[in-house]
Number of protein chains: 4
Amino acid sequence: MTKKEAISDRDNALFEAGIKLGALYHQFIGTPVSTETLELLERTIERSVALQPGVKSVEVIINSEKVRLAANQFKYCELSGAMLDVKVVVVYGQAEVHVRLKYEAELEYPLMRVEKVSEVTS
Amino acid sequence: MTKKEAISDRDNALFEAGIKLGALYHQFIGTPVSTETLELLERTIERSVALQPGVKSVEVIINSEKVRLAANQFKYCELSGAMLDVKVVVVYGQAEVHVRLKYEAELEYPLMRVEKVSEVTS
Amino acid sequence: MTKKEAISDRDNALFEAGIKLGALYHQFIGTPVSTETLELLERTIERSVALQPGVKSVEVIINSEKVRLAANQFKYCELSGAMLDVKVVVVYGQAEVHVRLKYEAELEYPLMRVEKVSEVTS
Amino acid sequence: MTKKEAISDRDNALFEAGIKLGALYHQFIGTPVSTETLELLERTIERSVALQPGVKSVEVIINSEKVRLAANQFKYCELSGAMLDVKVVVVYGQAEVHVRLKYEAELEYPLMRVEKVSEVTS
């Protein structure tokens, strides 16, 4: 048996935060990147994602050591999930959520997770 | 002031559901499609998304009338958000959420929204 | 010094063939895939690419052994260049070109190359 | 009957130029963009594409008027082919080719075409 419930600000904030990480990942993975261009790419991902409604902040770090190691003879590689550490904060009504995309070496997987959910009280 | 709270199954289910819709959108938008290939593309999106953990069901409808209208002289177009109606059900622990991506004509926007959240009681 | 020259059918056929491979690669890389869904994904890529003008044939093989090896605990992985072997034949006017995308183990690189150029004589 | 021919620098230059435009298009289409971020996005696309071997120059112009018109209530839109004017110069051996992606209003189509092929003589 299931019990249906009303949808809260918190629910919507979490849903929106998931959309932002899923979209960002599939939009930018595959982009050619080098140690010379990674800062520019970080800023571009941050500012593109921050255009969307409800996004309070975005912080993107591309691991330069992994880019260097993955680089081919032409000194660049494709951006992959293993290189990314992304933090996004989304606000929806009274709810604020902090989510993160970070490669987990043990899982060999770019894990997306909820780090914090807060209720904004006035 | 903010009050931090524990993260529930419901929170994670909503976050995961958002990830699935955001990822799907940016993965498949831009794919060449015609009225001849849209059913194949629908099934492929459904089965690809359903591979991911926690996805209970996926239903993808590509609007054939919109594909026909958008088709160029070569009888195909690129898949766009306006053509999509996608329903995904995600389960995480005791929580089940139903989410949807559907173009809203008034907003001129492919809206993603939470349609239902249920607690699975035994 | 450079010498400018007229653009031939052969030139255009090669240019178009490059477009098709470059587009296909960045469109489909990242799609969730398993040994269960790879045939469906192969057919979908083939039929999507074949919609475009000038494409005479497309053959996509996704290496099932590599998919199996790359699969995570949930038995799927993301489609990567290393898994793909794609042959496309493009015709433009009197010219026909055969191109291929295939992972080269020595180069650790999904190489795109021209395999054959023919002049279609009547 | 077809007559097979050897593959020249010119052939390879055209093929590579096509790959670059096809890849660029499907990599960046869909990125959120506003009149505030379009210059940053232009530079990022240029520098990302220029990392690849054989690319002599890349010039990307995103039409700010079209971005403004396409913007939703949140003042951003998704990057589309209609907004792009991209020029790429590729060199392969003794051949240099100039290609362009530009929206053609009459065709309602983001056309990719070869603008010039030169033989580099010493």
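1. Let's start with one cysteine: Cys77(A) is buried, at a relative accessible area of 6%. Here buried means under 20% relative accessible area, exposed over 50%, and partly exposed in between, using a 1.4 Å probe and protein chains only. Cys77(C) is likewise buried, at 6% relative accessibility.

2. A word on the ground rules: this is a predicted model, where local features need pLDDT of at least 70, side-chain atom pairs count only at pLDDT 80 or more, and totals for chains, interfaces and linings use all residues. Residues are numbered from 1 along each chain as its sequence is written, chains are lettered from A and ligands numbered from 1 in the order in which they are written, and side-chain values use heavy atoms, with hydrogens and water left out.

3. How many disulfides are there over all chains? With a disulfide taken as a pair of cysteine sulfur atoms within 2.5 Å, the count is 0. For Cys77(A), the nearest cysteine sulfur belongs to Cys77(C), 19 Å away. That is too far for a bond.

4. Now look at Ser48(D), which sits in helix 2 (residues 38-50) of chain D; a helix here is a DSSP run of H or I, at least four residues, numbered from the N terminus. Ser48(D) is buried, at 2% relative accessibility. Leaving out residues up to four places away in sequence, Ser48(D) touches Thr31(A), Pro32(A) and Phe28(D), where contact means heavy atoms within 4.5 Å.

Conventions: Helices (H or I, at least four residues) and strands (E, at least two) are DSSP runs, numbered from the N terminus.
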